[in-house]
Amino acid sequence: MKKIILLICMGAIFSSTLAQTKITLNTDLAKTTINKHIYGHFAEHLGKCIYGGIYVGEGNPKIPNTAGVRNDIIQALRDLKVPNLRWPGGCFADTYQWKDGIGPKANRPKMVNVWWGGVTEDNSFGTHDFLDLCERIGAEPYLAGNVGSGSVKDLTDWVTYVNHPGGSPMSELRKQNGREKPWSVKMWGVGNEAWGCGGNMTAEYYANIYRQYATFMTDWDNTSKLYRIASGASDGDYVWTETLMKNIPHKMLAGVALHHYSVLSWTEKGPSVGFSEAHYFKTMSEAYLMEEFVKGHSTIMDKYDPEKRIALIVDEWGGWYNVEPGTNPGFLYQQNTMRDAMIAGMTLNIFNNHADRVRGANLAQIVNVLQSVILTNEEKMLLTPTYHVMKMYNVHQEAKLVPLNIESPTYEFQGKSLPAVSVSASKDASGALNISLTNIDYRKPHQVSINLRGEEFSKISGRILASATISDHNTFDQPNKVNVKDFADTKLEKGVVTLTLPAYSVLVLKLAK
Ligand code: AHR
C-alpha cells in the first residue's frame, strides 16, 4: 500500500514538472501557401555526393542503376517528394565548365575539383545526367551558374542549351547529344557565395555583375520567365541583402539567397556522434538563429519590396560537424543523428511560419555530405533521421499556413535558454490539418495543448520520430534503428488536443473531419 502511495506521489511530482506548451491555431485565417520549394535539396560535386553516391556509373555490375544513378536512391527521393534539386554547387558551381560535361562520355575532358579534396573528376555526370535524374525523381532542377570563373556567354549558352526549343546552335547541339525536347529549367542561381568562394566580390560589384548576367539569361519570348536567384548573404550580413535589393532592378530578380549553417565554430566543429550536451545546446542555438536571420533579411526586403514579390531562398542550411574519423577532410562526410532531426524539425517550422517571404530552401546536402538525408557505402544505403523528418513534414508542401500563437517552455543549459517546443501547421486541399511539433529539450518531455479555436475535427493520428539517446543514428548494420512510429497518445476533447511530447522528438499530427 505504502509503495502504491509513493508511486502516485512520484507520478504527481513528475507530471507537475512538465511545463505546459500552449498553442492556439487560427485555422480560419489560413491563407498563405507554403511553397513546396522550401523542401528542396542540394547536390554538389563534393566528396561522395555525386560520384560514389548518387552516380555509380552505367553498367555498374554491383549496384542496380538507371543510366548510372542508383535505383534505391531514385526510389527514396521519389518517396521524399523532393520539389527541387540544386546542382552542381556550392563553391564547385563557380568552377564548373558545363560544356565539358556533355557529349560522349569517353571524350569528356577531366577536371580537378579544387574546392573539395583536389580529386580528379571525369565529367561523366553532366547536364543530361542531372536533368534526367530530376525528371526521374519528379523534382524541378535548380541550376547554379558559374559567375566567379565563367563568362556571360558560357552561362547564356547553358540556358539556351537546356531551354531553347530548336534552331539555335546550342539547341541543335543538345539534340545531337540525344535530347530532342528542352528541359525548360526555370530556377537559376546567378553564382554562389559571391562574397567568398564565388569570387570574393563586394556587394556593389556583385550587384552590377548580376545585372549583366541576368540581362542575357532570358527566355525566348522576351518575358523573362526564368526564376533568377541572386547569390545571397551569409548569416546576418544584412548589408549584402540591402545592397542587392537597392541596386538590382526588381524585374530581373525572383529571389535572393541566404546561407546559414549550424556550426559550433569554423575552427572546431565537434564530432557528429558522441557530442556533449554543451555541443548540443550550441548547435540548437545556431539552428535557432535561422529565425532571427529570416526575420532580419525579410525586414530589409520588406523595405524595398513591400509586396513580397521577391523570395528569400535559403539555398544552403543544415548542421556542419567534423568529418567522420578516417575520412577525407575535403569530403565533408558526417553521421546524422537525432540532433540533426532536431535541426530539421525546428528549421522547417521556421520556414513554414515565414512562408510569405521564404519560398525556397535547400538542405545541404542530399547524399553523403553534411546533413544528408541518405548515406551510402558501396551497395548499401540508409535513410538518416533527417530524411524521416523531411518526409514527415512534406504534408505541408503547397498547403495553407495556419497562423498560430505559441507559449513554449524553455530548454535551459548553464544559465542559457531556448524555446523547447516549436510548431507549424497547415491545411491541405482536403481540409485536413497537419501540425508539426519539435521538442529540442535534451532532458525533458513537455506537455502540449493545442487549441483549435472551435474548428471541429473527428479524427486524429500521429507519426513520431524519437529515440533512446540524442546520438542515436542509423548505420549500415542497423539501418532502421531510428525510424518513424505511429503515435496515438493524444486526446482531442472540446476542440483542444493534449499530448506529451518526448524529449528530443519530432511529431506530426493529422486532424481530419
Ligand atoms: O555545402 C558546402 C559548401 O558550403 C558549399 O559549397 C558552399 O556554398 C558553402 O560554403
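Predicted model: local features only at pLDDT ≥ 70, side-chain atom pairs only at ≥ 80, totals over all residues.
**Entry 1: Ala43**

Leaving aside neighbours within four places in sequence, I found Ala43 in contact with Cys49, Ile50, Ile54, Leu85, Arg86, Trp87, Pro88, Gly89, Gln365 and Ile366. Ala43 sits in the loop between β2 (40-42) and β3 (65-66). One pair I looked up by distance was Ala43 and Gly89. They are 46 residues apart in sequence, yet 6.8 Å apart in space, C-alpha to C-alpha.

**Entry 2: cysteines**

Cys49 was on the contact list of Ala43, and I turned to the cysteines next. How many disulfides does the structure hold? I count 1 disulfide. The bond joins Cys91 and Cys197, with the sulfur atoms 2.2 Å apart. About the S-S bond I read -90 degrees, and the link is left-handed. Cys91 lies in the loop between β5 (84-87) and β6 (111-113), and Cys197 in the loop between β9 (187-190) and α6 (203-216). The two are 106 residues apart, and the pair links distant parts of the chain. Both Cys91 and Cys197 are buried.

A disulfide needs the sulfur atoms within 2.5 Å. I ran the check from Cys134 as well: its closest cysteine sulfur is in Cys49, at 12 Å, again too far for a bond. Cys49 has a relative accessible area of 0% and is buried. Cys134 is at 1% and counts as buried too.

**Entry 3: helix α3**

Cys134 belongs to α3, and I looked at that helix as a whole. α3 is mostly covered, with 8 of its 11 residues buried. The buried ones are Thr127, His128, Asp129, Phe130, Leu131, Leu133, Cys134 and Ile137. What do they pack against? I listed β4 (69-70), α2, β5, β8 (140-145), α4 (152-163) and α5 (169-176). Just after α3, Gly138 takes a positive phi of about 75 degrees.

I took α2 for a closer look. The axes of α2 (residues 71-80) and α3 (residues 127-137) come within 8 Å and cross at roughly 55 degrees. The two helices are therefore oblique to each other. On the α2 side the contact uses Ile74, Leu77 and Arg78; on the α3 side, Leu133, Arg136 and Ile137. By class I get 4 nonpolar, no polar and 2 charged residues.

**Entry 4: the barrel**

Which strands close into a barrel? There are 8, in the order β2-β5-β8-β9-β10-β11-β12-β13, with parallel pairing. Neighbouring strands are turned by 30 degrees against each other on average, direction ignored. I opened up one pair. β11 (residues 255-262) and β12 (residues 311-319) pair in the parallel sense over 7 bridges. His259 has Glu316 in β12 as its bridge partner.

Two helices lie on these strands. α8 (residues 277-304) lies across β10 (227-234), β11, β12 and β13 (358-364). It runs at about 160 degrees to β11. α9 (residues 338-353) lies across β11, β12 and β13, at about 170 degrees to β12.

**Entry 5: the open sheet**

I moved to the antiparallel sheet. Its 6 strands form an open sheet in the order β16-β20-β21-β27-β23-β24. Which are the edge strands? They are β16 (400-401) and β24 (484-486), each pairing on one side only. α9 packs on this sheet as well, touching β16, β20 (421-427), β21, β23 (459-465) and β27. Its direction makes about 50 degrees with that of β20. Within the sheet, 7 bridges join β21 (residues 433-439) to β27 (residues 505-512), and these run antiparallel. Thr438 stands opposite Val506 in β27.

**Entry 6: a hairpin**

Last, I checked β14 and β15. 4 bridges join β14 (residues 374-377) to β15 (residues 380-383), and the strands run antiparallel. Thr376 stands opposite Met381 in β15. The hairpin has 2 residues between the strands, and Glu378 takes a positive phi near 50 degrees.

Technical notes. Residues numbered from 1 in each chain as written. Heavy atoms only, no water. Axes fitted to C-alpha atoms, helices over the stretch in contact; angles between N-to-C directions. Parallel < 35°, antiparallel > 145°, perpendicular 65-115°, else oblique. Contact = heavy atoms within 4.5 Å. Nonpolar A, V, L, I, M, F, W, Y, C, P; charged D, E, K, R; others polar. Buried < 20%, exposed > 50% of the residue type's maximum accessible area, 1.4 Å probe, protein only. Pairing = 2+ DSSP bridges.
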